[in-house]
Amino acid sequence: MTSNTAIATAYSQLIADIGACARECGRSEGDVTLLAVSKTRTATEVGAAYRAGARHFGENYLQDALPKVDAFSTQREDYPDLCWHFIGALQSNKTRDVASHFSWVHTIDRIKIARRLDSARPDNLPPLNVCLQVNLHNEPQKAGISPDDLPELLDLLAELPRLAVRGLMIIPATHADPASAFDALSALFTRLTPVDAERRLLWNTQSMGMSGDYRAAIAAGSTMVRIGTALFGARQT
Ligand SMILES: *Cc1c(COP(=O)(O)O)cnc(C)c1O
């Protein structure tokens, strides 16, 4: 387990570097949110990152995430702004738990899952924020929707009142140049900006960049970098 001090140090270094990167690209520091990817990490490590300043946490594996989410929701006074993002592959039978435990889902790539999330989103919670995961080159083994199919999915999503459509997400192919994938995502994001004023206000998220490539992602326009290793240390496998 990574010590609280190590997490606090890594967090301040990351925030300084993300801010510096944004300024170098002519953007402002506040444009880029750090999403702390806490998959496989303990609740103690999440708590340390929160006290260091992190507010957004990303989880991939529902079974690991649920006990953590529940543990923090019983300590709301100590962690009032803790916000959970689901960033893993999402199967139909998981949608109910995701809709009730998370504020964001980054991995929407088909309408069926979106409809299930919409109907399972509890009425006492605000709409679930969603990003559409893009598979730029239609890689067969990878999640994500092809850019050609995005406009139709966006139209269908507009009819789901319990979802707030926030933007796009990408995990670049391992063999590809991440910078060109980030540029492509950014161009898609701009092209798909809704004309409807209300929907346009929410459309503000480009979820891209991880520990190894967040600088390139910020240069391309990322608004949310998903960082695990550079904050918490190497993951045990
Ligand atoms: C694990 C993961 C990350 C974080 O990766 P690091 O290289 O540890 O920063 C980001 N995004 C997704 C979707 C992930 O699964």
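Q: Where is asparagine 138 found in this predicted model?
A: Asparagine 138 is found in the loop between strand E5 (128-133) and helix H6 (150-157), and the model that shows it is a predicted one.

Q: Why is asparagine 138 called partly exposed?
A: Its relative accessible area is 48%, and the term covers values between the limit for buried, under 20%, and the limit for exposed, over 50%. Asparagine 138 is therefore partly exposed at 48%.

Q: What makes the phi of asparagine 138 worth a remark?
A: Phi of asparagine 138 is near 50 degrees, a positive value in a residue other than glycine. Most residues other than glycine have a negative phi.

Q: Which value does phi take in threonine 40, and where is that residue found?
A: Threonine 40, which is not a glycine either, has a positive phi of about 70 degrees, and it is found in the loop between E1 and helix H2 (43-52).

Q: Why is arginine 27 called buried?
A: Arginine 27 has a relative accessible area of 19%, and since buried means under 20%, the residue is therefore called buried. Arginine 27 lies in the loop between helix H1 (4-24) and strand E1 (33-37).

Q: How do you know that the side chain of arginine 27 makes a polar contact with isoleucine 218?
A: The side chain of arginine 27 reaches the backbone oxygen of isoleucine 218 at 2.9 Å, and a polar contact requires a pair of N or O atoms within 3.5 Å.

Q: What makes E5 a covered strand?
A: In E5, 6 of its 6 residues are buried, with Leu128, Val130 and Leu132 on one side and Asn129, Cys131 and Gln133 on the other.

Q: How do you know that E4 and E5 pair, and in which sense do they run?
A: E4 and E5 are joined by 3 bridges and run parallel, whereas pairing asks for at least two bridges, so the two strands pair. Isoleucine 108 has leucine 132 in E5 as its bridge partner. From E4 the chain passes through helix H5 (residues 111-120) to E5 in a right-handed β-α-β crossover.

Q: How many bridges join E5 to strand E6 (residues 163-169), and what lies on the path between them?
A: The parallel strands E5 and E6 are joined by 6 bridges, and valine 130 has valine 165 in E6 as its bridge partner. The chain crosses from E5 to E6 through H6, and this β-α-β crossover is right-handed.

Q: Why can strand E3 (residues 83-86) be called covered on both faces?
A: Cys83 and His85 lie on one side and Trp84 and Phe86 on the other, and these residues are all buried, which means that each has under 20% relative accessible area.

Note on methods: Residues numbered from 1 in each chain as written. Predicted model: local features only at pLDDT ≥ 70, side-chain atom pairs only at ≥ 80, totals over all residues. Heavy atoms only, no water. Buried < 20%, exposed > 50% of the residue type's maximum accessible area, 1.4 Å probe, protein only. Helix = DSSP H or I, 4+ residues; strand = E, 2+ residues; numbered from the N terminus. Polar contact = N/O pair within 3.5 Å; in protein donor to acceptor, adjacent residues only side chain to side chain. Right-handed = clockwise from strand over helix to strand, strands pointing away.
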